[in-house]
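User: I'd like to go through this model with you piece by piece. Could you take my questions as they come?

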Amino acid sequence: MTEAAPTRILLADDHQLVRRGVRLILDSEPDLTVVAEAGDGAEAVEAAREHHPDLAVLDIAMPRLTGLQAARELARVQPGVRILMLTMYDNEQYFFEALAAGASGYVLKSVADRDLVEACRATVRGEPFLYPGAVNALIRHDLDRAREGDAPPAKAITDREEEILKLVAEGHTSQEIAGLLVISVKTVERHRANLLEKLGMKDRLELTRYAIRVGLIEP
């Protein structure tokens with residue numbers, strides 16, 4: 001009887017030491033193998049195109065594209081790839097955004113040595129894997145919605161505005177952002193003005209603080 005091939009994993013985290021530690025955990029399992037690594041979300045999308053992994057394990061806060069942005073892009077260009085978020089953030093907002101982005105699981109780095117392997121296996125089987133705090137958040141969220149009879153709230157900003165926000169918070173000028181996104185400076189300025197108005201903020205500093213708070217960039 002032929003043994004099943006090990007699950008092929010793409011691992012994306014902007015800290016090399018974290019990737020090394022996670023890789024040691026995963027590669028020590030006979031049914032799991034890391035076939036590619038990436039240092040940011042954009043690299044992760046490119047690596048997925050090249051290596052066709054079964055599973056992408058993504059950090060949330062990464063340069064260029066966050067794990068959430070990369071997850072949305074992977075769902076579009078590589079719909080067969082399962083997605084698992086591995087993060088330091090025990091945060092309900094990130095958790096719900098991860099689910100909306102197409103992730104099947106959410107694991108905290110603080111307990112990766114305990115939960116990561118089973119989370120990978122569950123995700124590949126098509127089963128959700130949630131840490132206990134996330135399960136409580138999900139139940140509470142559903143109970144609140146049922147009690148209030150409300151639909152889930154819409155995302156505050158668009159995907160393009162999120163891209164602009166991240167780049168602004170990283171310190172890029174409008175000209176640099178225009179070049180990176182292949183849009184006009186005028187379009188960048190319009191998106192930036194919309195962000196300030198939507199979020200009730202007045203300058204780059206406040207936008208940067210917000211970007212840190214919601215996990216687009218690290219402090």
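User: What handedness does the β-α-β unit made by β5, helix α5 and β6 have?
Analyst: In this model, which is a predicted one, β5, helix α5 (residues 112–124) and β6 form a left-handed β-α-β unit.

User: And which hand does the unit of β4, helix α4 and β5 have?
Analyst: That β-α-β unit, in which helix α4 spans residues 92–101, is right-handed.

User: How many bridges join β4 to β5, and how do the strands run?
Analyst: Strand β4 (residues 82–87) and β5 run parallel and are joined by 4 bridges, and one of the pairings puts T87 with L108 of β5 as its bridge partner.

User: What about β5 and β6, how many bridges there?
Analyst: There are 2 bridges between β5 and strand β6 (residues 129–130), which also run parallel, and G105 stands opposite F129 of β6.

User: Switching to α2, which of its residues are buried?
Analyst: In helix α2 (residues 41–51) the buried residues are G41, A42, A44, V45, A47 and A48, and these pack against β1 (7–12), β2 (32–38), β3 (55–58) and α3 (67–77).

User: What caps the N-terminal end of α2?
Analyst: The cap is D40, with a side-chain oxygen 3.0 Å from the backbone nitrogen of A42, while just after the helix H52 takes a positive phi of about 50 degrees.

User: New topic: where does I157 sit?
Analyst: I157 lies in the loop between α6 (132–148) and α7 (159–169).

User: Why does I157 count as buried?
Analyst: Its relative accessible area is 7%, and because buried means under 20%, I157 falls in that class.

User: What does I157 touch beyond residues up to four places away in sequence?
Analyst: With those left out, I157 touches E162, L165, L195, K198 and L199; of these, L199 is 42 residues from I157 in sequence, with a C-alpha to C-alpha distance of 8.6 Å.

User: Last one, on the whole chain: how many helices and strands are there, and what share of the residues is buried?
Analyst: The chain has 10 helices and 6 strands, and buried residues make up 45% of its 219 residues.

Technical notes: Residues are numbered from 1 along each chain as its sequence is written. This is a predicted model: local features need pLDDT of at least 70, side-chain atom pairs count only at pLDDT 80 or more; totals for chains, interfaces and linings use all residues. Side-chain values use heavy atoms; hydrogens and water are left out. Two strands pair if DSSP finds at least two bridges between them. A crossover is right-handed if, with the strands pointing away from the viewer, the path from the first strand over the helix to the second runs clockwise. Buried means under 20% relative accessible area, exposed over 50%, partly exposed in between (1.4 Å probe, protein chains only). Contact means heavy atoms within 4.5 Å. A polar contact is a pair of N or O atoms within 3.5 Å; within protein, one must be able to donate a hydrogen and the other to accept it, and residues adjacent in sequence count only if both atoms are side-chain atoms.
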